[in-house]
Each structure stands twice: as structure tokens, then as C-alpha cells.
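This briefing goes through one chain by topic. Please keep the sequence and the 3D view at hand while reading.

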Amino acid sequence: SVPPGMLPLCHRPPAWGRAARQPPSLPLAPCRAFSNNKIIVELDESSGVATMKFKSPPVNSLSLDFLTEFCISLEKLENNRACRGVIITSAVPRIFSSGLDITEMCGKSTEHYAEFWRAVQEMWLRLYGSNMVTVAAVNGSSPAGGCLMALSCDYRIMVENPKFSIGLNEAQLGIVAPFWFKDTFVNVVGHRVAERSLQLGSLHPAPEALKFGLVDELVPEEKLQEKTGAVMAQWLALPDHARQLTKSMMRKAVLDRLVAHREEDIQNFISFISKESIQKSLRMYMEMLKKKKG
């Protein structure tokens with residue numbers, strides 16, 4: 001444990017945030033960590049770059065607990081003047097995030113569905129509207145809600161592995177992606193690609209995701225940290241206020257739309273997810289997952 005007021009010294013991978021500017025002869029940097037159960041958070045105060053690593057095995061599913069921790073962590077970083085950018089990635093091999101936790105949506109009370117959906121909304125409002133530079137280092141597959149998290153960042157770098165895929169595949173489960181998922185997707189890939197992909201519930205292998213603009217770059221796994229650090233340094237080279245105002249101008253209408261219809265969106269989710277046909281579909285999907293594990 002570290003005495004109050006003292007910063008722990010922690011080993012930092014050579015490139016999260018500082019590679020472009022820091023000589024290799026300085027292996028240690030002051031790091032402030034406030035990790036919790038499901039997310040490891042480290043802030044390198046000398047570069048102003050934090051990393052949030054999802055660590056909720058087996059697949060980093062977005063449970064109510066996970067979403068709550070994510071929002072608290074993001075808010076702490078947002079309120080810390082030393083932090084200007086955050087890299088979002090996974091500490092679980094081969095998966096970025098599998099998306100919304102189906103157990104939160106199956107066989108629960110309407111009160112629980114409302115609380116869960118409010119947490120999903122909160123995650124998106126905070127991430128999509130963040131003042132910080134947000135870079136997703138997608139080091140595994142990223143369906144559904146995992147894809148939404150990546151889409152909500154300013155920049156996406158994915159590991160160059162055709163076995164890893166990304167997309168909003170809700171239609172495959174008989175679920176309709178909400179309007180704000182759709183708006184975020186359209187803003188990244190354009191209307192036609194989004195329309196086809198959403199209707200088919202497509203999961204795009206990494207090379208296809210790059211082709212459609214769903215991710216900005218592909219890199220070999222061993223180069224991911226280095227590349228992410230270089231991209232972050234490039235974005236942080238700009239004056240914060242100009243970048244923040246531009247981001248707000250580009251995203252405000254989409255954010256405002258959910259804020260204005262938030263309660264209505266929660267009620268829509270509850271009435272949809274409570275339908276027996278949807279519950280049956282989710283139960284079948286959970287059974288299928290159990291058999292796969294078995």
C-alpha cells in the first residue's frame with residue numbers, strides 16, 4: 001500500500017501515451033491507479049493519458065455492476081485536470097467486450113430493467129460526450145454493446161486478426177438496436193453501410209471493419225500499444241478547447257436527442273424486453289451459450 005498523498009511508481013508499457021516523446025531510459029513514471037473489481041484504471045500524469053482495461057472475465061459483458069464502475073471511473077478521469085485522454089482496451093484475451101449482459105435482461109423485474117437500461121444510457125452519454133480524447137484499442141471481438149463503446153470513442157484501432165469481429169448484431173437475437181445506437185453507427189460508417197449492417201445484424205471481421213470505416217486502423221497485436229500511444233499523442237498535440245468545442249458541435253444533436261427522450265427510451269426498452277417472445281429468444285440464446293461452454 002502507498003502512504004496517503006504519495007503516488008505509486010508503476011511500470012508502464014513503453015507506449016501507452018508517451019512513446020513518441022519519452023526516452024526509453026526512463027522506465028518508471030508516476031502512475032495514479034484507482035482500479036476496481038472489473039476495470040483497471042491507470043493515469044500517467046506526465047503525459048495526461050489514462051488507460052481503462054476491462055477485466056471482467058470471461059467476456060467483459062456489460063453488467064449493471066460493470067457499467068456503474070465504468071461511469072464512476074470515467075467521471076473521476078473527466079474531473080481530474082491531469083487527465084486529457086483515455087485509452088479503452090481489454091485485459092481479457094481475444095475479447096474487447098461481448099456487449100450487454102443478457103442475464104440482466106432475462107427474467108428480471110421491470111424496476112431492474114429500468115435501472116439497467118439507465119446505466120447503459122449513462123455509459124453512452126458519458127463516453128460519447130466526453131471532453132477527453134478517447135481512443136479504443138480493440139484487442140479482441142467486439143459485438144453489440146462492445147461495438148457501441150468503440151463507436152463512441154474518437155478513434156478506433158483494432159488488432160489485425162480476421163478471427164476478431166465487430167458490429168451491432170442485435171438483430172440476430174431478435175432485438176432492435178435503439179435509435180442512439182443507430183445514430184452513433186451512422187455517424188461513423190454512413191447511412192447505407194449502417195442500414196444493411198443493422199438489418200442483417202452483421203459482425204464484420206477486422207479487415208472488413210476497416211474497409212467500411214468501422215475502425216480507423218488495423219495493427220498487429222504486438223504493435224497495438226505503440227500505435228495507440230502515437231495516435232493519442234497526435235490528438236493531444238492540439239489545443240484542448242478547440243478540439244472539445246469541435247467534438248461537441250459534431251455530437252451535440254445526437255446526445256441531446258437521447259437526453260430529451262431518455263424516459264421514453266427506458267419505457268420502450270422495458271415493454272420490448274418484457275415481451276414473452278423476446279424473453280423466450282433470450283432464454284434460448286443463454287441455453288445455447290451454456291451448451292457451447294459445456
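Which residues are buried in α8? They are R243, K247, R251, V254, L255 and L258. The model is a predicted one, and confidence is taken up first below.

**Confidence**
- The mean pLDDT of the chain is 89, and 88% of the residues score at least 70.
- Residues 1-29 have a pLDDT below 50, although in the model this stretch has 46 contacts beyond near neighbours in sequence.
- Where pLDDT is low, the predicted coordinates should not be read in detail.

**Helix α8**
- Helix α8 covers residues 240-260, which is 21 residues.
- At 1.5 Å a residue the helix should span 30 Å, and its end C-alpha atoms lie 28 Å apart, which agrees.
- A kink of about 55 degrees is centred on R251, and R251 is also among the buried residues of α8.
- The cover over the buried residues of α8 includes the helices α2 (110-128), α4 (179-189), α7 (224-236) and α9 (262-273).
- Strand β9 (133-138) is also included in that cover.

- Strand β6 spans residues 85-90, and six of its six residues are buried.
- G85, I87 and T89 point one way from β6, while V86, I88 and S90 point the other way.
- In a regular strand the side chains alternate between the two faces of the sheet.
- Strand β4 (residues 49-54) runs parallel to β6 and is joined to it by six bridges; in this pairing K53 stands opposite T89.
- Strand β9 also pairs with β6 in the parallel sense, over four bridges; here V135 is the bridge partner of I87.

**The four-stranded open sheet**
- Four strands, in the order β7-β10-β12-β13, make up an open sheet with mixed pairing.
- β7 (94-95) and β13 (204-205) are at the edges with a single partner strand each, so one side of each has no neighbour in the sheet.
- Strands of a sheet pair through backbone hydrogen bonds, either parallel or antiparallel.
- β7 pairs with β10 (residues 140-143) in the parallel sense over two bridges, and I95 stands opposite S141 in β10.
- Helix α3 (residues 144-151) packs on this sheet and touches β10 and β12 (165-167).
- The direction of α3 makes about 100 degrees with that of β10.

How values were computed
Residues are numbered from 1 along each chain as its sequence is written. This is a predicted model: local features need pLDDT of at least 70, side-chain atom pairs count only at pLDDT 80 or more; totals for chains, interfaces and linings use all residues. Side-chain values use heavy atoms; hydrogens and water are left out. The expected span of a helix is 1.5 Å times one less than its number of residues. The bend at a residue is the angle between axes fitted to the seven residues ending there and the seven starting there. Buried means under 20% relative accessible area, exposed over 50%, partly exposed in between (1.4 Å probe, protein chains only). Contact means heavy atoms within 4.5 Å. pLDDT is the predictor's confidence in each residue, from 0 to 100. Two strands pair if DSSP finds at least two bridges between them. Axes are lines fitted to C-alpha atoms, for helices over the stretch in contact, and angles run from 0 to 180 degrees between N-to-C directions.
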